[in-house]
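This briefing concerns charged side chains and their pairing. The structure is shown below, and the points that follow are grouped by topic.

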Amino acid sequence: MSICITATGLYTPPYSISNEELVATFNQYVDNYNAKNADAIARGEKTALVHSTAEFIEKASGIKSRYVMEKDGILNPDIMAPVIPYRKLGEEMSIMAEMGLDALKQALDNAGLQGKDLDGIIVACSNFQRVYPAIAIEIQQYIGMQGGFGFDMNVACSAATFGIAQAVGLIKSGTAKRVAMVNIEITSAHLNWRNRDSHFIFGDVATATIIEELATPKGYEILDSHLFTQFSTNIKNEYGFLDRSEFLAAGTPMYPDIDAPVTDKLFLQEGRKVFREVCPAVSNLILELLHKNHIEPQQLKKMWLHQANANMIDLILRTVLGKEADKSIAPMVLAEYANTSSASPMIVFHKHQENMQSGDLGVICSFGAGYSIGSVIVKKV
């Protein structure tokens, strides 16, 4: 028996924001802030904010645009966050479940399957809109599964590869024969759109991957995986259910003035440290997994890497395959989708399988907060 990835699905949100649109809003916010705080800035009590440019964003990241679930709030300099209405639990489908359901239906159609054919659903992503009941169980309800199970898991940007490994483990143990691994990201809601260094990084999306045990392999056979974590606060998002208690303990309002910095509770990263520390760790993990499976790096036809940053992808490719490596081996969707956290390597896998022939080898690799790194070797059937 072989365990294979037999199909994928991709849900793309209805709205796109270009770098130029984003910069226009950000710069208007900067002008408003500097004007409002002109006296304090003149006295040296506050630091004046600096404009951004579309050219700076593209050079720093390779990103040209991003998809989002709601656009107007993000582009309003007085709000700068997605405005998403509340949906009453039990009466309306949650927005995350709706996105994941769309991607999963596509994946099932591509695999020639129905919801009743699934034994389990894993929703693996960076952020969940609620603690419980699990988004996976909600999707289980709407997809028409007959029995089985669903659960949520969070390994930030590495959730996809960790989710694949979990699905493989469930199948090997006999707990399931067919599992859907779903990555749903509304990263626009955890991003501080007022932070010049990171306001351009993320986009929203959902992907779904069908993983099956088959007597006759098809799609991509999963050969092996390697998972790694190491504690670091260089990438973090501390938003959580204890916020109310912490605000009360500090004697501060739970929802401070709109100009007050809330960066300690939203996405924050030390970008240069992450680049220096994560890139070599990712390359080493891929090389170790290849060595373990007696595979030479030059045998890889594709590297479907986490879409964090174009410079990171390029460095990892060159470190694994050499300085003269063909860049098409590590395709990118960054320019259109931006960083979509857990979903990003699966978007690339979904969109870029060109030239893959029977027997060809590839690596799906993710990396991010934790630190967390996951790598999965697959073979085209």
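In this predicted model, Asp-314 and Arg-318 form a salt bridge, with N and O 3.1 Å apart. Both residues belong to helix α9 (residues 310-321), where a spacing of 4 residues separates them by about one helical turn. A search of the whole structure finds 15 salt bridges.

**Exposure of the helical pair**
- Asp-314 is buried, at a relative accessible area of 17%.
- Arg-318 is partly exposed, at 31%.

**Pairs between distant parts of the chain**
- Lys-301 and Asp-360 form a salt bridge whose closest N and O atoms are 3.2 Å apart.
- Lys-301 lies in strand β11 (residues 300-305) and Asp-360 in the loop between α11 (344-351) and β12 (361-368), so this pair ties together parts 59 residues apart in sequence.
- Asp-360 is buried at 10% relative accessibility, whereas Lys-301 is partly exposed at 42%.
- A salt bridge also connects Lys-177 with Glu-213 (3.3 Å, N to O).
- Lys-177 is in the loop between α6 (159-172) and β6 (178-186), and Glu-213 is in strand β7 (residues 204-214), 36 residues away.
- Lys-177 is exposed at 53%, while Glu-213 is partly exposed at 23%.

- Glu-221, in strand β8 (residues 220-229), is buried but has no salt bridge.
- Lys-379, the nearest side chain of opposite charge, is 4.1 Å from Glu-221; it therefore falls outside the 4 Å cut-off for a salt bridge.
- The side chain of Glu-221 does make a polar contact with that of Ser-2 (3.2 Å).

How values were computed. Residues are numbered from 1 along each chain as its sequence is written. This is a predicted model: local features need pLDDT of at least 70, side-chain atom pairs count only at pLDDT 80 or more; totals for chains, interfaces and linings use all residues. Side-chain values use heavy atoms; hydrogens and water are left out. Helices (H or I, at least four residues) and strands (E, at least two) are DSSP runs, numbered from the N terminus. Buried means under 20% relative accessible area, exposed over 50%, partly exposed in between (1.4 Å probe, protein chains only). Lys and Arg count as positive and Asp and Glu as negative; His and the chain ends are not counted. A polar contact is a pair of N or O atoms within 3.5 Å; within protein, one must be able to donate a hydrogen and the other to accept it, and residues adjacent in sequence count only if both atoms are side-chain atoms.
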